[in-house]
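Below is a briefing on a protein model, grouped by topic. Please read it alongside the sequence and the coordinates.

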Amino acid sequence: MIRVEKVTWTYPHAAAPSLRDLSLRVRPGELVVLCGASGSGKSTALRLLNGLVPHFHDDGVLVGAVTVDGIVTAGAELDELGLVTGSVLQHPRRQFFADTVAEELAFAMENFGVPPERIRARVEEEVGRLAAHLPIGQSLQRLSGGQQQQVAIAAATAHGPRILLLDEPSSNLSADAVDRLVATLRALKERGVTIVVAEHRLRYLGGLADRVLVLRDGAVAVEWDAAAFRAVRDEELAREGLRGAVRPVELPALPAAGASVARPVPAAEVPGGALELEGIRCRLGGRVVLDLERVAFPVGSVTAIRGVNGAGKTTLARVVTGLQRGTGRVRLDGRTLGLRARQRASAIVMQDVQRQLFTESVAAEIDLAGGDRGSDVLAELDLDALAERHPLALSGGQQQRLVVAAVRLAGRRVVVFDEPSSGVDRRHLRSISDQIRHVAADGAVVLLVSHDEDLLALAADRELRLVPAEPVRPDRSRG
Amino acid sequence: MSAPASPELASPSRALPVVLARERGLDPRTKILLVVACSIAVMSPQGSRFVPFVLLLAVGLAVAERAWRRAIGLPLAALAMWVLGWLLPGWWPNPVTAILSIACVYLIRFVAAIGVGAHLIATTSPTRLAAALRAWRIPRPVSVTLAVMLRFFPVVAAEAAAVLDAMRLRGLAGAGGLVRHPVLSVERFTVPMIAASLRASEDLSASAILRGLGSRRVPTAMHPPRFGVADLVLVPVVAALVAGALLLPAPLA
């Protein structure tokens with residue numbers, strides 16, 4: 001069904017090949033997991049199977065042959081391959097073409113020329129299945145990460161491909177969303193769909209995987225069959241830079257009052273702290289999205305902000321940093337701060353850090369941040385050798401460290417980390433959690449918005465769990 | 001203003017009618033015609049005379065779509081243009097108000113045309129736009145490009161908003177900085193925005209191409225575009241507007 005014979009692939013302008021002499025076979029109906037540390041080539045191997053390698057990268061060098069469902073990928077058109085394979089990329093949110101579930105499900109079938117009656121019947125069937133888990137009328141961009149994942153898988157398989165390719169499907173999911181993912185994959189497998197998953201969180205696939213291949217430097221280093229994989233210990237996974245089980249993490253709750261708080265306490269019982277919020281109420285699109293009567297965040301430690309999508313996590317981060325207007329008061333060290341003052345006192349490390357790199361070199365970025373400890377912080381974050389490089393030419397992890405370096409130099413008192421660990425392996429997870437701890441130790445109030453329970457277990461001291469302040473109304477498809 | 005639902009989905013026994021029913025509102029082709037006709041009308045030499053009507057149409061569309069902010073904002077913007085363009089130079093004649101007046105007399109036409117265009121962009125999904133253009137036998141490269149552009153507007157808007165937020169927090173977004181170092185400020189905004197947009201577009205296009213966008217097969221539509229009652233009412237309006245713009249005597253011509 002899938003046959004990769006001695007493939008070596010070099011991305012355009014890359015110094016070294018990403019895949020070296022890779023060979024693998026996947027039989028019909030099998031579920032195979034490709035895993036390995038960041039940079040091991042697992043995502044590239046997946047792109048080899050749907051033809052994005054080589055077709056999406058002009059000037060890359062491909063040696064060897066890939067056959068998928070009888071089609072030699074190098075000589076085929078991408079849409080021919082798309083007809084027999086369904087792909088879910090790492091960020092489902094970025095790959096949606098439509099705004100509603102029904103239109104997204106119909107998209108591939110429309111393009112492949114399926115008759116309208118058949119599209120409608122098929123979409124109706126799938127919508128009926130999904131309706132049990134998510135609000136079908138909601139705009140896709142407003143669904144939670146787990147719900148988007150469900151829609152993306154349904155949209156990738158609606159036209160009936162026999163092969164499903166998933167790139168790190170669990171990377172932005174909470175523990176319960178991972179359980180739903182497992183159920184979805186099991187149902188597909190029972191229907192006979194061949195599934196290849198690139199992952200670094202592995203344990204959740206324990207009951208499903210027929211084989212697990214560990215990639216190292218672009219080739220298969222270790223292969224486990226189902227029984228062998230179940231017997232592998234966590235220490236061995238750690239040695240390969242892999243993440244083990246997804247365990248729900250329990251953190252002590254930060255006392256807080258208000259309709260947005262999952263387990264509120266009376267306002268009078270909320271203790272003081274360095275950063276105090278009082279009577280915060282935000283309305284967006286006619287709905288109260290955040291209602292915090294009173295909460296205080298301590299300095300020098302890390303508070304996790306948790307809760308489902310739409311619970312107001314992002315709004316809270318924006319209120320604290322002065323990017324969002326709202327009623328109520330924000331006090332830092334006893335002083336009430338207006339919007340501008342909050343902007344000057346705070347920083348966000350965004351999920352897409354590329355959005356916050358403004359200059360043409362690492363050194364200039366550090367100069368822009370000010371402060372006189374520039375070289376020390378660069379050395380500490382392992383960036384001193386890269387001072388002359390363009391920030392956009394760095395790897396994702398290096399960019400993130402650069403932003404953290406700038407935040408530390410600017411001496412911001414309130415620092416928000418927004419999903420800093422999406423799609424990183426075990427080693428990098430440790431390094432990110434170290435960054436977060438350092439910022440807190442420098443004397444900042446740190447808020448960590450994250451679904452990643454592995455990161456929360458390492459980096460957070462306590463949690464503020466939010467719930468939607470008002471039930472989400474099923475709104476019109478477009479706002 | 002609702003097009004009739006297709007018969008096979010309108011039966012009450014069907015589950016989930018809200019989701020699967022044909023989109024309410026105008027056919028995308030009518031919306032495109034409206035935008036083109038209104039633009040021609042208000043931009044013609046004697047375009048000012050069509051502005052009240054086009055504004056009324058734009059507000060009516062906004063109300064039908066329940067976009068209250070636009071329904072209120074459009075007349076307010078037009079009112080401001082009217083005050084600055086027609087009344088102010090009379091009250092307080094000087095060169096500055098004269099220049100302002102000339103600008104606003106033109107800008108009010110844009111306000112009206114943009115109001116109608118906003119309805120098209122806000123209520124037409126990329127796939128429906130592509131289906132409508134196909135029904136017109138518009139060449140595939142054009143229809144696919146327009147659909148992708150429509151899909152990409154919100155992506156760029158979201159990236160731009162995020163970069164501006166980041167600049168605000170770094171103290172780079174103030175008006176002072178923009179005046180002192182205009183080129184540097186624009187560069188600091190555009191470079192990260194383009195980089196982030198490109199990255200987002202890569203996933204989008206990879207996924208769309210794999211799912212057959214632009215493939216050589218003949219595409220179909222889940223709900224083939226079909227004209228409804230509202231469309232039949234508005235198309236003569238369109239014709240009248242264009243005819244008026246082209247045929248009415250223009251004293252300056």
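Glu103(A) is buried, at a relative accessible area of 7% (buried is under 20% relative accessible area, exposed over 50%, partly exposed in between, with a 1.4 Å probe and protein chains only). Its partner sits across the chain boundary: Glu103(A) makes a salt bridge with Arg128(B), with the closest N and O atoms 3.3 Å apart (a salt bridge is a side-chain nitrogen of Lys or Arg within 4 Å of a carboxyl oxygen of Asp or Glu). This is a predicted model, in which local features need pLDDT of at least 70, side-chain atom pairs count only at pLDDT 80 or more, and totals for chains, interfaces and linings use all residues. Residues are numbered from 1 along each chain as its sequence is written, chains are lettered from A and ligands numbered from 1 in the order in which they are written, and side-chain values use heavy atoms, with hydrogens and water left out.

**Salt bridges between the chains**

- The Glu103(A)–Arg128(B) pair runs from helix 5 (residues 101-111) of chain A to helix 7 of chain B (helices are DSSP runs of H or I with at least four residues, strands are runs of E with at least two, and both are numbered from the N terminus).
- Arg128(B) is buried too, with 16% relative accessibility.
- Glu365(A) forms a salt bridge with Arg170(B), and their closest N and O atoms are 3.2 Å apart.
- That pair joins two chains, because Glu365(A) lies in helix 13 (residues 362-369) of chain A and Arg170(B) in the loop between helix 8 and helix 9 (175-180) of chain B.
- Glu365(A) is buried, at 0% relative accessibility.
- Shared partners link Arg94(A), Asp352(A), Arg355(A), Glu159(B), Arg199(B) and Asp203(B) into one salt-bridge network.
- Over all chains, the whole structure holds 37 salt bridges.
- Side chains of opposite charge can pair when their charged atoms come close.

**The interface as a whole**

- On the chain B side, 60 residues are in contact with 64 residues of chain A (contact means heavy atoms within 4.5 Å).
- The two chains bury about 5600 Å² between them, 59% of it on carbon and sulfur atoms (buried area is the accessible area, with a 1.4 Å probe, that two parts lose on being put together, summed over both).
- There are 17 residue pairs in polar contact between chain B and chain A, both residues at pLDDT 80 or more (a polar contact is a pair of N or O atoms within 3.5 Å; within protein, one must be able to donate a hydrogen and the other to accept it, and residues adjacent in sequence count only if both atoms are side-chain atoms).
- Six elements of chain B each give two or more residues to the side that touches chain A: helix 1 (7-10), helix 2 (17-20), helix 6 (95-123), helix 7 (126-135), helix 8 (140-169) and helix 10 (182-210).
- Helix 10 of chain B gives the most, with 17 residues.
- The chain B side divides into 32 nonpolar, 10 polar and 18 charged residues (Ala, Val, Leu, Ile, Met, Phe, Trp, Tyr, Cys and Pro count as nonpolar, Asp, Glu, Lys and Arg as charged, and the others, Gly among them, as polar).

**Chain B fold**

- Chain B has 11 helices and 0 strands.
- Of its 253 residues, 44% count as buried.
- Among contacts in chain B with a separation of 6 or more, 73% come from residues 24 or more positions apart.

**A sheet in chain A**

- An open sheet of 5 strands in chain A has the order 11-13-12-15-16, with antiparallel pairing (two strands pair if DSSP finds at least two bridges between them).
- Strand 11 (256-257) and strand 16 (335-336) stand at the edges with a single partner strand each, so one side of each has no neighbour in the sheet.
- Strand 15 and strand 16 of chain A pair in the antiparallel sense over 2 bridges.
- Arg331(A) has Thr336(A), in strand 16, as its bridge partner.
- Glu278(A) and Arg329(A) meet in a salt bridge at 3.1 Å, N to O.
- This pair links distant parts of the chain, 51 residues apart: Glu278(A) is in strand 12 (residues 275-284) and Arg329(A) in strand 15 (residues 327-332).
- Glu278(A) is partly exposed at 23%, and Arg329(A) is partly exposed at 41%.

**A buried serine in chain A**

- Ser433(A) lies in helix 16 (residues 426-441) of chain A.
- Ser433(A) is buried, at 2% relative accessibility.
- Beyond neighbours within four places in sequence, Ser433(A) is in contact with Leu455(A), Leu458(A) and Ala459(A).
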